[in-house]
Amino acid sequence: MTSFKVENLSISFGGLKAVNGVGFDVAENAIFSIIGPNGSGKTTIFNMISGIYKPDSGAVILNGENIVGLTPDRIARKGIARTFQNIELFKNATIMDNLMLGRHIHMKTGVWDGAFMWGRSSRAAREEIAHREVVEGIIDFLDLQSSRDQFVANLPYGTRKLVELGRALALEPRILLLDEPSAGMNTEEKEDLRIWIKDIREEYQTTILLIEHDMNMVMGISNRILAINHGEKIVEGTPQEVQHHPEVIKAYLGEVE
């Protein structure tokens, strides 16, 4: 069982309050979305959760433990993985290689073990086979079989976004942070992504935090939504509640008659 909540997170840059007292609880195996205009503090919240930024105050509680102050790699080992707005992949490596790199926190054999694989029965060889089986499952899940051995640099943008999603899944996260996963995708790719996000929650039993500008996607797949502006919470609730909130209608969804 995984419990996750954010309490009163705040951070300033150069005297400017980027996030001010934001807090929320996320139910296990839920899809929780954060919406707001550019510069509202959404990615900054993800950066504090994942350890890239240390907040000035507040807490990030994972299974009863405050993980604020831990390094990003230690937070990843505790089960939090993320994707980024700007794709962070090794372009001169294949899909398979990029996804295998996502398995690094689960690898127990060291460099010397890997250097002396004198047969398929060696510990390092057995471990590599097990990790490749996990990665192959992700490749099948995301329908990446046809391009699995291609270099990332040669892939369309939408496919690269899927590879980054796959690498995050390779960490076997309990909490998955998706930062604008549909950016740059066409309509068909976005529809596929909607289905995959739902399937990830079900098949991988993963709690998902989503930052996304596509309101149709957000309203269609989220259990709860947090709307923020200027680093502060406007409203949190169900898609219906947020959709009909006057400030959300005005700021994010457009005026209605």
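Me: Which strand and which helix each supply at least two residues of the lining of the second largest pocket?
Reply: This is a predicted model. The second largest pocket holds about 180 Å³ of space. Of the 15 residues that line it, the closest to its centre include Gly41 and Lys42. The elements that each supply at least two lining residues are strand E2 (16-26) and H1.

Me: By class, how many nonpolar, polar and charged residues has the lining of the second largest pocket?
Reply: Asn38, Gly39 and Ser40 are among the residues closest to the centre of this pocket. Gly counts as polar here. The lining of the second largest pocket has 2 nonpolar, 10 polar and 3 charged residues.

Me: Which strands does helix H1 lie across?
Reply: Helix H1 spans residues 42-49. Its direction makes about 145 degrees with E8. The strands it lies across are E3, E6, E7 (175-179), E8 (207-211) and E9.

Me: Which strands does helix H7 touch?
Reply: Helix H7 covers residues 187-203 and packs on the sheet. The angle between its direction and that of E8 is about 155 degrees. The strands touched by H7 are E3, E7 and E8.

Me: What is the order of the strands in the open sheet?
Reply: The sheet has 6 strands with mixed pairing. E6 (80-82) and E10 (232-237) are its edge strands, since each pairs on one side only. From one strand to the next, the twist averages 20 degrees. The order is E6-E7-E8-E3-E9-E10.

Me: Do E3 and E9 run parallel or antiparallel?
Reply: E3 covers residues 31-35 and E9 covers residues 224-229, with 4 bridges joining them. Phenylalanine 32 has arginine 224 as its bridge partner in E9. Isoleucine 35 stands opposite alanine 227 in E9. The two strands run parallel.

Me: Which residue takes a positive phi in the hairpin of E9 and E10?
Reply: E9 and E10 run antiparallel and are joined by 5 bridges. Asparagine 229 stands opposite glutamate 232 in E10. The hairpin has 2 residues between the strands. The one with a positive phi, near 50 degrees, is histidine 230.

Me: Which element gives the most to the lining of the largest pocket?
Reply: The largest pocket contains about 370 Å³ of space. H2 (72-77), E6 and H6 each supply at least two residues of its lining. With 4 residues, the element that gives the most is H2.

Me: Which of the residues that line the largest pocket lie nearest its centre?
Reply: There are 18 lining residues. By class, they are 10 nonpolar, 3 polar and 5 charged. Nearest the centre lie Ala76, Ala81, Arg82, Phe84 and Leu171.

Me: What is the volume of the largest cavity?
Reply: A search of the whole structure was made for cavities of 30 Å³ or more. That search finds 1 cavity. The volume of the largest cavity is about 50 Å³.

Me: Which helix gives the most to the lining of the largest cavity?
Reply: The lining includes Lys161, Glu164 and Leu165. By class, the lining divides into 6 nonpolar, 1 polar and 2 charged residues. With 3 residues, the helix that gives the most is H6 (157-170).

Terms used:
Residues numbered from 1 in each chain as written. Predicted model: local features only at pLDDT ≥ 70, side-chain atom pairs only at ≥ 80, totals over all residues. Heavy atoms only, no water. Pairing = 2+ DSSP bridges. Axes fitted to C-alpha atoms, helices over the stretch in contact; angles between N-to-C directions. Contact = heavy atoms within 4.5 Å. 1 Å grid on protein atoms, 1.4 Å probe; cavity = no way out; pocket = protein on both sides within 12 Å on 5 of 7 lines; lining within 4 Å. Points joined across faces, edges and corners; volume = space filled by probe spheres on them.
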